Amino acid sequence: MHEHTTEHELRERLSLIESMIAEGRRKTESWGWTFVLWGVVYYAAIAWSAWDRSPWAWPVTILIGIIATAIIVSSKAGNHPETTLGRATGSIWIALGISMFLLFLALGLSGRLTDQHVFLAAISAILGMANGASALILRWKVQFACAVVWWAAAVVSCFGSDTQSTIVFLVAIFLCQIVFGIYGVIAGVQRRKRHRPIHA
Amino acid sequence: MPELPEIDPIVHGRLRLALLSLLSGVETAEFTWLRAKTEATDGNLGAQLLKLEQAGYVAVEKKFVRRKPQTLYRITETGRQALTEYVQALKQLLGLAMDGESTFHTGSS
């Protein structure tokens with residue numbers, strides 16, 4: 001059987017290919033909830049350490065964050081395909097979680113977590129590195145802007161006063177975790193709404 | 001007059017084209033994920049995936065994960081080649097369309 005194929009149909013096929021390839025590769029937007037979760041984890045750790053100066057505040061809250069993320073991820077795992085891009089970005093965040101847990105556990109237990117400026121600079125620089133690497137892999141400008149905010153927070157922590165560095169760190173968490181995470185969730189929902197069924 | 005490029009009727013089907021394009025961007029994908037992305041019915045999706053499998057464009061792997069059956073699909077090298085050639089043919093046809101052609105004959109499944 002033969003059928004007539006119009007120019008419009010050919011163009012529609014090309015755009016279908018592009019949108020489906022992009023759909024297969026787009027995963028980070030569906031991870032917006034993890035940014036919000038980790039923003040809450042950082043705020044909880046800051047509140048706990050400000051309250052009783054416990055060396056366990058950061059390692060314990062980070063461990064709780066890792067466990068919560070692992071539980072939610074394992075319950076959603078079946079719905080996501082495996083991609084090289086997904087594994088590359090995923091490995092950055094897994095390595096970040098392990099690094100932060102080990103670093104702050106060791107610093108807390110050794111009693112060397114005494115300089116707030118060094119602590120905030122280290123955590124901000126690590127988060128800047130992870131966001132920057134992920135943004136470069138995904139070519140995502142909004143996430144790169146988050147990396148720039150974290151790097152700026154790291155520099156301010158070194159030169160600013162106690163109050164200035166704390167305020168900048170809290171603002172960076174709000175912008176790069178909470179706001180960016182909600183933006184990711186909304187972008188994912190809007191993309192799903194635009195999605196139309198494909199018939200044979 | 002330039003010769004019109006051949007369009008692969010297996011790849012040309014809308015749902016099959018969507019499936020091949022989706023699979024080209026991932027290593028493996030579950031049936032449920034493909035269903036969610038295409039919003040096709042189980043029966044239609046299964047039938048189109050079977051056609052792609054019979055053409056050698058898609059490979060299927062069935063396994064159990066936590067005692068639940070899981071069907072994984074991946075695009076084969078032949079499938080990737082067919083998709084690449086299809087895109088090239090489309091671009092060629094569209095190039096011809098810009099030069100004045102507007103309707104083409106294609107093989108259809």
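Trainee: Over which residues of chain B does pLDDT stay under 50?
Mentor: In this predicted model, pLDDT remains under 50 over residues 104–109 of chain B. The model has 21 contacts beyond four places in sequence for that stretch.

Trainee: Which element of chain B has the lowest mean pLDDT, and which the highest?
Mentor: Strand β4 (residues 103–107) of chain B has the lowest mean pLDDT, 48. The highest among the elements of chain B belongs to α4(B), at 95. Where pLDDT is low, the predicted coordinates should not be read in detail.

Trainee: And what is the mean pLDDT of chain B?
Mentor: The mean is 84, and 83% of the residues of chain B reach 70 or more. For the model, the scores are ipTM 0.76 and pTM 0.69.

Trainee: How many helices and strands are there in chain B?
Mentor: Chain B contains five helices and four strands. Along the sequence, their pattern is α-α-β-α-α-β-β-α-β. Of the 109 residues of chain B, 32% count as buried. Among contacts in chain B with a separation of 6 or more, 63% come from residues 24 or more positions apart.

Trainee: At what angle do α2 and α4 of chain B pack?
Mentor: Helix α2 (residues 14–24) of chain B packs against helix α4 (residues 42–54) of chain B at about 70°, and their axes are 10 Å apart. The angle therefore makes α2(B) roughly perpendicular to α4(B).

Trainee: Which residues make the contact?
Mentor: From α2(B) come L15(B), R16(B), L19(B) and L20(B), while α4(B) supplies N44(B), Q48(B), L49(B), K51(B) and L52(B). The residues of this contact of α2(B) with α4(B) comprise five nonpolar, two polar and two charged.

Trainee: Where is E39(B) found?
Mentor: E39(B) sits in the loop between α3 (31–38) and α4 of chain B. Its phi is near 55°, a positive value in a residue other than glycine.

Trainee: Why does E39(B) count as partly exposed?
Mentor: E39(B) is partly exposed because 14 other C-beta atoms lie within 10 Å. A residue would need 20 or more to be buried and 12 or fewer to be exposed.

Trainee: Turning to chain A, how many helices and strands are there?
Mentor: Chain A has seven helices and one strand, and from the N terminus on its elements run β-α-α-α-α-α-α-α. Of the 200 residues of chain A, 28% count as buried. Among contacts in chain A between residues at least 6 apart in sequence, 72% join residues at least 24 apart.

Trainee: How many residues does α5 of chain A have?
Mentor: Helix α5 (residues 116–138) of chain A has 23 residues. From its first C-alpha to its last, this helix reaches 33 Å, close to the 33 Å expected at 1.5 Å a residue.

Trainee: Which residues in α5(A) are buried?
Mentor: Those buried in α5(A) include F119(A), L120(A), I123(A), L127(A) and N131(A).

Trainee: Is R139(A) buried or exposed?
Mentor: R139(A) counts as exposed, because it has 8 C-beta neighbours inside 10 Å.

Trainee: Last one: where is the place of V60(A)?
Mentor: V60(A) belongs to helix α3 (residues 57–76) of chain A. With 18 other C-beta atoms within 10 Å, V60(A) is partly exposed. The C-alpha atoms of V60(A) and V41(A) are separated by 10.0 Å, and the two residues are 19 residues apart along the chain.

Definitions and conventions: Residues numbered from 1 in each chain as written. Chains lettered and ligands numbered in written order. Predicted model: local features only at pLDDT ≥ 70, side-chain atom pairs only at ≥ 80, totals over all residues. Axes fitted to C-alpha atoms, helices over the stretch in contact; angles between N-to-C directions. Helix = DSSP H or I, 4+ residues; strand = E, 2+ residues; numbered from the N terminus. Parallel < 35°, antiparallel > 145°, perpendicular 65-115°, else oblique. Contact = placed C-beta atoms within 7 Å. Nonpolar A, V, L, I, M, F, W, Y, C, P; charged D, E, K, R; others polar. Expected span 1.5 Å × (residues − 1). pLDDT = per-residue confidence, 0-100.
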